[in-house]
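Dear colleague,

Please find the structure below, followed by an account of what was found in it.

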Amino acid sequence: MTKSTKQWYASWFDTPYYHILYKDRDYDEAQGFMDNLTNYLNLPEGGKILDLACGKGRHSVYLNSLGYDVTGVDLSEQSIAHAKQYENETLKFAVHDMSKPYPDTFDAVFNLFTSFGYFDDENCNLKTITSIKAELNEFGFGVIDFMNTNYVVEHLVAENVKTVEGIDFHQKRYVKDGYIIKDISFQVPAERSRSMDVEHYEFQERVKAFTLEDFETLFEKAGVHLLDVFGDYKLRKFHAKTSERLIMIFK
């Protein structure tokens with residue numbers, strides 16, 4: 001049995017296999033980034049943060065542990081259902097489409113770890129930035145942490161197999177029509193499948209290959225102002241060819 005989808009951001013994230021494939025992400029580095037970012041922004045004590053595309057809420061939980069009032073939102077119902085176990089008086093989670101304004105305002109809106117550029121309708125990219133603008137209070141900052149497309153394309157690994165928890169994830173990467181694409185195929189053994197039969201899965205991740213110049217155009221259209229650009233999680237200067245990240249601060 002083969003199960004596949006092309007609207008990947010609405011379904012791939014809802015499978016347990018997405019979280020298995022990426023379980024080895026460096027969360028210590030991510031938490032260091034949160035420390036550096038909140039210190040740089042000098043957010044008020046107990047300040048309100050909106051975590052856009054929060055996934056299962058790990059980073060929202062960490063930001064909340066630093067003393068911030070955090071709302072985490074994501075399109076994935078299963079991810080939010082998981083995250084809700086961490087809720088408290090200053091930590092809330094909700095299913096929400098980030099291309100639409102959330103009905104509150106914040107001291108900061110974070111869109112982290114390349115959680116942008118997924119949409120089939122490219123107008124939604126601009127709508128997301130205009131929504132972030134609407135979600136910021138008078139003194140608030142928007143943050144988009146994106147891949148540095150130039151670096152990623154230069155270092156793209158065309159094909160590999162990653163084995164996690166006994167599952168062989170076959171990954172093919174390429175650039176097509178302005179998108180960086182990853183095709184992922186794998187099979188789940190019968191003893192691990194719900195149907196008690198071997199299940200074959202195929203998914204495709206598609207992220208728009210935005211450059212800094214592309215974001216500058218979107219920011220101008222949205223009426224927001226780019227304040228700073230960093231190239232890594234230690235907030236060092238951005239270099240178009242060598243930086244791994246593209247971290248933009250705006251308001």
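In strand β8, Ile167 is the bridge partner of Val164. Strands β7 (residues 159-164) and β8 (residues 167-176) pair in the antiparallel sense over six bridges; pairing requires that DSSP find at least two bridges between two strands. Two residues lie between the strands of this hairpin, and Glu165 takes a positive phi near 50°.

This is a predicted model, in which local features need pLDDT of at least 70 and side-chain atom pairs count only at pLDDT 80 or more, while totals for chains, interfaces and linings use all residues. Residues are numbered from 1 along each chain as its sequence is written, and side-chain values use heavy atoms, with hydrogens and water left out. Helices (H or I, at least four residues) and strands (E, at least two) are DSSP runs, numbered from the N terminus.

In helix α3 (residues 27-41), Ala30, Phe33, Met34, Leu37, Thr38 and Leu41 are buried (under 20% relative accessible area, with a 1.4 Å probe and protein chains only; exposed means over 50%, and partly exposed in between). The buried residues of α3 line one face of the helix, because they fall within an arc of 120° seen down its axis; the arc is that of the directions from the helix axis to the C-beta atoms. On the other side of α3, Asp28 and Asn39 are exposed. Just after α3, Asn42 has a positive phi of about 55°.

Ser131 belongs to helix α6 (residues 123-135) and is buried, at a relative accessible area of 2%.

Yours sincerely

Definitions and conventions. The expected span of a helix is 1.5 Å times one less than its number of residues.
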